[in-house]
Structures are given as C-alpha cells and as structure tokens.
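Reader: I would like to learn how to read the features of a model like this one. Where do we begin?

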Amino acid sequence: MVILLKNTATEKDIKTISELLENRGLGVHISHGKQATIIGVLGDKTKISDMNLELFPFVEKCIPIMKSYKLASREFRPEGSIVKVGDVEIGGNRLVMMAGPCSVESEEQIIAAAKAVKASGAHLLRGGAYKPRTSPYAFQGLEDEGYRLLNIAAKEAGLKCISEVISENQVETAGKYVDMLQVG
C-alpha cells in the first residue's frame, strides 16, 4: 500500500502515521518527492484492516499496490531510482546499454568484444563467467578466471563491467573483478 500525503502534511504528521504503522508491526518507506510525499507500507496490510487511514486530515488517499516489484515501481518511487556504476547512471533520462558475449571464452575473445562494445556506444561490458549447463560435458564457463578476464577487457576498453553470480559463494570473488553483479 502507498499512502499519498497532502501537500500540507508536516514532519509531525509523517512521524504520527509512521509510528502508528510501525506499532502495528509494519515497515515504512518514506519518499519525499517534489510534488508530494508518499509512505510505502511494507508487510501484511491486514494488520491495519480495521483502520481507515484516509480519515487522517493529512492523508490524500491510500493506494493498494497489487503489482510486483513494489520497491522499483513508479507508484512506490515516483521520482525513480538511479543506480550508479562508476560514472554510468542507470535509471536516469539516458538509455544505458550493456553488451557482450554470453560467456567469456578467452582473453582474446573478451578483449575484442569489449572493443566492439565500446565502439558501438554501449556503456557497460557484460559477460558470463559461469555457464551452468544440463550436460556436465558442455562448456561450463571459465569460472573465476572469466571474472578476471572480463575485468582486464573492461579496463582496456575504458568500460565498467557486469557479470552474473549464480551462487552466493561467487559474490566475494566476482566483487574483486566486476563493477556490478547480476543476480539470475
């Protein structure tokens, strides 16, 4: 649920409704926009089913959110989200392209790909280090060496890089070499 507050709502009003929600065991996410303040209610909304929050004089309206991805939705974050990877801003007004091979196969291959990615105007190099397959005899990726080679290629091309981790055990190693982790 999102609670849209009136323009006249004060910090005291925000604190009042936030504490009420928290006392009912709910989480609160406050977003101060240019035109309005909204409160995202996190958790089981049945805990406040006996209340009509729109009776508060500072509440404009309550909007139930039935969509997935509430933390990234415009209803929840009307100002949008921006994720920075170095000097690249993802989520702003500029289209950001990430490109590269499905898997890192060799140093020569990923360096050539990085140069082509840079020349095409993309902003981030991506490539898979681990490639789990149904057959244990198929190419499984270069694993940790793939992260290292991706890093070398990205630096040579002047790009930031992204790669997927398919297990929490890979996060530490991948974090040494890539600028952004993709979670599959």
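Author: With burial: a residue is buried under 20% relative accessible area, exposed over 50%, and partly exposed in between (1.4 Å probe, protein chains only). Strands (E, at least two residues) and helices (H or I, at least four) are DSSP runs, numbered from the N terminus. In S9, 5 of the 6 residues are buried, leaving the strand mostly covered. This is a predicted model, in which local features need pLDDT of at least 70 and side-chain atom pairs count only at pLDDT 80 or more, while totals for chains, interfaces and linings use all residues. Residues are numbered from 1 along each chain as its sequence is written, and side-chain values use heavy atoms, without hydrogens and water.

Reader: Which strand runs parallel to S9, and how many bridges join them?

Author: Strands of a sheet pair through backbone hydrogen bonds, parallel or antiparallel. Two strands count as paired if DSSP finds at least two bridges between them. Here strand S8 (residues 124-126) runs parallel to S9, joined by 3 bridges. Arg126 stands opposite Ile162 of S9.

Reader: What is the strand order in the open sheet?

Author: The order of its 4 strands is S2-S3-S1-S4, with antiparallel pairing. Strand S2 (27-32) and strand S4 (59-63) are at the edges with a single partner strand each, so one side of each has no neighbour in the sheet. S4 pairs with strand S1 (residues 2-5) in the antiparallel sense over 4 bridges, and Cys62 in S4 is the bridge partner of Ile3.

Reader: Which residues have the most contacts inside the largest nonpolar core?

Author: In soluble globular proteins, nonpolar side chains tend to be buried together. A nonpolar core is a set of buried Ala, Val, Leu, Ile, Met, Phe, Trp, Tyr and Cys residues joined through side-chain atoms within 4.5 Å. The largest has 21 residues, and Ile110, Leu125, Tyr147, Leu150, Ala153, Cys161 and Val178 have the most contacts inside it. H2, H3 and strand S9 (160-165) are the elements giving two or more residues to this core; H3 provides the largest share, 6 residues.

Reader: At what angle do H2 and H3 pack?

Author: Axes are lines fitted to C-alpha atoms, for helices over the stretch in contact, and angles run from 0 to 180 degrees between N-to-C directions. Helix H2 (residues 107-119) packs against helix H3 (residues 144-157) at about 35°, with the axes 9 Å apart. Contact means heavy atoms within 4.5 Å. Among the contact residues are Ile110 and Ala114 of H2 and Leu150 and Ala153 of H3.
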